[in-house]
Amino acid sequence: MMLGLLLARAGVPVTVLEKHKDFFRDFRGDTIHPATLELMHQLGLLEGLLRLPHQQADHLTAVIGGQQLPLADFTHLPTHCRFIALMPQWDLLNFLASEAARYPAFHLLMEHEVTALTRHGNRVTGVEIQTPTGPATLAAALTIGCDGRHATTTASAHLHTIETGAPIDVLWFRLSRHPNDPENALGFLNFGQMLILINRGDYFQCGYVIRKDTFVSRIQHAGLPAFHASLLSLAPFLADRIDQLAAWDQIKLLTVQVNHLERWSAPGLLCIGDAAHAMSPVGGIGINLAIQDAVAAVNILAEPLLANLHRGAIITELTLEKVQQRRQLPTRITQTFQVIAHHILMTFLGNPAPMRPNKILRTLSSIPLFRRTTARFIGLGIRPEHIRH
Ligand SMILES: Cc1cc2nc3c(=O)[nH]c(=O)nc-3n(C[C@H](O)[C@H](O)[C@H](O)COP(=O)(O)OP(=O)(O)OC[C@H]3O[C@@H](n4cnc5c(N)ncnc54)[C@H](O)[C@@H]3O)c2cc1C
């Protein structure tokens, strides 16, 4: 959506295809990071965005064994917004869609599912789509695969995926939230478990981290009362509402993947975001990275796309490769950080012993420079992009 907005703003005709009929689904993550908020400021959209209901987290605190550990402090970032905005992703997407619709070059087709790529020789020339009125094709000078971790575009192009793997999955569910519930405590860790609570105003979007492939064999097998007890052992203040989780179908299993494409592009095709590099939820940074990819792609491709539009100039593979060259390093460093975090998680996940934050973490969390550095890494990421067009 961000890519569509930026391309249309640069005068490039763009059609965004979304397979669902609306955005009202539990997307994976509600975090809008300072780097993304800075881009919104650059676009003159920040005030409008922040008028939508949201919460602001200017610190991130983990609660390990009942002890609060401040791990990131956003209040010193060199940005207009020194906080993470927590907003349901459908609000962000609807907002971007309505802003993009102001540009005549922007077209959004909902309920249009890409089923395959079309080709002429080895060049991708567009997509085959399933629409509410039947199958169709759409031709494009350039197809950009932004279709997430199970991308049809990358599979159809036979782009080679290098799997790093992830040893965890996440259970995703909601519990109501009361005004005096703890703030900013995004991660509760104890007794070999981890619970993340995302403040969505009157309810928490909850993420409970489990070892991969143990949902049925261990969690469901132990029964719902045991699951309730696990959650309460981490966050006892949820006791008065835990019964809201009355059936397993209220709990979704989200599988976590970490991978990257060897090559993000092929003639006529570029992949970005999770389609090019599936991110783990660790650090809540995947959305920001996908948006940064979109900005880099428009910075690099807007002029060649306009030249294609006006003079029929071909967009070369060399040009497409520049996007990967620009964004590969930030992605790989971020994924490395996520993989290290997975290893640390695996040292305690499933071990029922009470946890205590170790001395190194306690010392680090007491150092302001450490908290500001983590905030910079999480909030701005590596090589934050600026909109050029
Ligand atoms: C459990 C979990 C929790 C997470 N939490 C966070 C978080 O809090 N913060 C964060 O920053 N990151 C989080 N992430 C990572 C984040 O979800 C991704 O990195 C980010 O969403 C990638 O954005 P994207 O636009 O590339 O892909 P997506 O957000 O996956 O968007 C892809 C879009 O393409 C559409 N689509 C898919 N296939 C087709 C098709 N064939 N035709 C048409 N449309 C199609 C989809 O419906 C979707 O709208 C989490 C990941 C997981 C697994």
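## Ala105

Ala105 is partly exposed because 16 other C-beta atoms lie within 10 Å. By this count a residue is buried with 20 or more other C-beta atoms within 10 Å of its own, exposed with 12 or fewer, and partly exposed in between, the C-beta atoms being placed from the backbone. This is a predicted model, in which local features need pLDDT of at least 70 and side-chain atom pairs count only at pLDDT 80 or more, while totals for chains, interfaces and linings use all residues. Residues are numbered from 1 along each chain as its sequence is written.

Ala105 sits in the loop between α4 (89–100) and β7 (106–110). Helices (H or I, at least four residues) and strands (E, at least two) are DSSP runs, numbered from the N terminus. Leaving aside neighbours within four places in sequence, Ala105 is in contact with Ala8, Gly11, Val12, Pro13 and Val14. Contact between two residues requires C-beta atoms, placed from the backbone, within 7 Å. The C-alpha atoms of Ala105 and Ser217 are separated by 50 Å, with the two residues 112 apart along the chain.

## Helices α1 and α4

Helix α1 (residues 2–9) packs with α4 at an angle of about 15 degrees, and their axes are 9 Å apart. Axes are lines fitted to C-alpha atoms, for helices over the stretch in contact, and angles run from 0 to 180 degrees between N-to-C directions. α1 and α4 are therefore roughly parallel to each other. The classes are roughly parallel for angles under 35 degrees, roughly antiparallel over 145, roughly perpendicular from 65 to 115, and oblique for the rest.

In this contact Met2, Gly4, Leu5 and Ala8 of α1 meet Leu96, Glu99 and Ala100 of α4. These residues divide into five nonpolar, one polar and one charged. Ala, Val, Leu, Ile, Met, Phe, Trp, Tyr, Cys and Pro count as nonpolar, Asp, Glu, Lys and Arg as charged, and the others, Gly among them, as polar.

## Two residues with positive phi

Glu111 has phi near 55 degrees, a positive value in a residue other than glycine. Glu111 is in the loop between β7 and β8, and is partly exposed, with 15 other C-beta atoms within 10 Å.

For Phe191, phi is near 50 degrees, again positive in a residue other than glycine. The loop between β14 (185–190) and β15 (193–199) holds Phe191. With 15 C-beta neighbours inside 10 Å, this residue counts as partly exposed.

## Gly145

Gly145 belongs to strand β11 (residues 143–145). This glycine is buried because 29 other C-beta atoms lie within 10 Å. Not counting residues up to four places away in sequence, Gly145 touches Ala151, Thr153, Thr154, Leu269, Cys271 and Ala275. Gly145 and Ser265 are 120 residues apart along the chain, and their C-alpha atoms are separated by 9.4 Å.

## The ligand shell

The ligand is surrounded by 28 residues, of which the closest are Arg28, Gly29, Gly148, Gly273 and Gly286. A residue is near a molecule if its C-beta atom, placed from the backbone, lies within 6 Å of it. By class, the shell has 12 nonpolar, nine polar and seven charged residues.

At least two shell residues come from each of β1 (14–18), β8 (113–120) and α8 (286–311). The most come from α8, which gives four.

## Packing of α8

The axes of α8 and helix α9 (residues 317–348) come within 9 Å and cross at roughly 160 degrees. That makes α8 roughly antiparallel to α9. Residues in α8 that meet α9 include Leu289, Ala296 and Ile300, and those on the α9 side include Thr319, Val323 and Arg327. The contact of α8 with α9 has seven nonpolar, four polar and four charged residues.

Helix α2 (residues 34–42) packs with α8 at about 40 degrees, with axes 9 Å apart. α2 and α8 are therefore oblique to each other. Ala35, Thr36 and Leu39 of α2 make the contact with Asn288, Ile291, Gln292 and Val295 of α8. This contact has four nonpolar, three polar and no charged residues.

## His386

His386 lies in the segment after α11 (368–379). With 11 C-beta neighbours inside 10 Å, His386 counts as exposed. The C-alpha atoms of His386 and Leu39 are separated by 6.9 Å, although the residues are 347 apart along the chain.
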